[in-house]
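Please look over this model before we talk. My notes follow, point by point.

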Amino acid sequence: MGKWDGDIRLQSRGSVQPTTVSALLRSLRLAEAPEPTQVAAIRNWLGSHRPSRLMEHSLRRKGYAHLLAERASA
């Protein structure tokens, strides 16, 4: 192994989940979308992904805690 290739494993594109609401909206190409569109997209994303602790914190901080509550009750 060379000096630069043994320590870091690369992840395939799309396999790493975003850890903030801003990163999620950028990855969904909805950063500039109207808020109702963003809320629907976040709700949809939460339906098929388990958010990390950082994402949960970001959702609460950005005012989307109700989406986490919806997910927990589903």
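**Notes on the model**

1. Q38 is buried, with a relative accessible area of 10%. Here buried means under 20% relative accessible area, exposed means over 50%, and partly exposed lies in between (1.4 Å probe, protein chains only). Q38 sits in helix α2. Leaving out residues up to four places away in sequence, Q38 touches L25, L30, A31, E32, A33 and Y64. A contact means heavy atoms within 4.5 Å.

2. A word on the source: this is a predicted model, where local features need pLDDT of at least 70 and side-chain atom pairs count only at pLDDT 80 or more, while totals for chains, interfaces and linings use all residues. Residues are numbered from 1 along each chain as its sequence is written, and side-chain values use heavy atoms, with hydrogens and water left out.

3. The protein has 4 helices and 0 strands. Its elements run α-α-α-α from the N terminus on. Helices (H or I, at least four residues) and strands (E, at least two) are DSSP runs, numbered from the N terminus.

4. Of the 74 residues of the protein, 27% count as buried. The accessible surface is about 6,000 Å², and 50% of it belongs to carbon and sulfur atoms. These areas come from the Shrake-Rupley method with a 1.4 Å probe; for residues, only the protein chains shown count as cover.

5. Which residues of helix α3 (residues 53-61) are buried? They are M55, S58 and L59. They lie on the same side of α3, because they cover an arc of only 100 degrees around the axis. The arc is that of the directions from the helix axis to the C-beta atoms. An α-helix has 3.6 residues a turn, so residues three or four places apart point the same way.

6. On the other side of α3, R53, L54, R60 and R61 are exposed. The buried residues of α3 pack against α1 (21-27), α2 and α4. After α3 comes G63, with a positive phi near 90 degrees.

7. Now the pair α2 and α4. The axes of helix α2 (residues 35-48) and helix α4 (residues 65-73) come within 10 Å and cross at roughly 35 degrees. Axes are lines fitted to C-alpha atoms, for helices over the stretch in contact, and angles run from 0 to 180 degrees between N-to-C directions. V39, I42, R43 and L46 of α2 meet L67, L68, E70 and R71 of α4.
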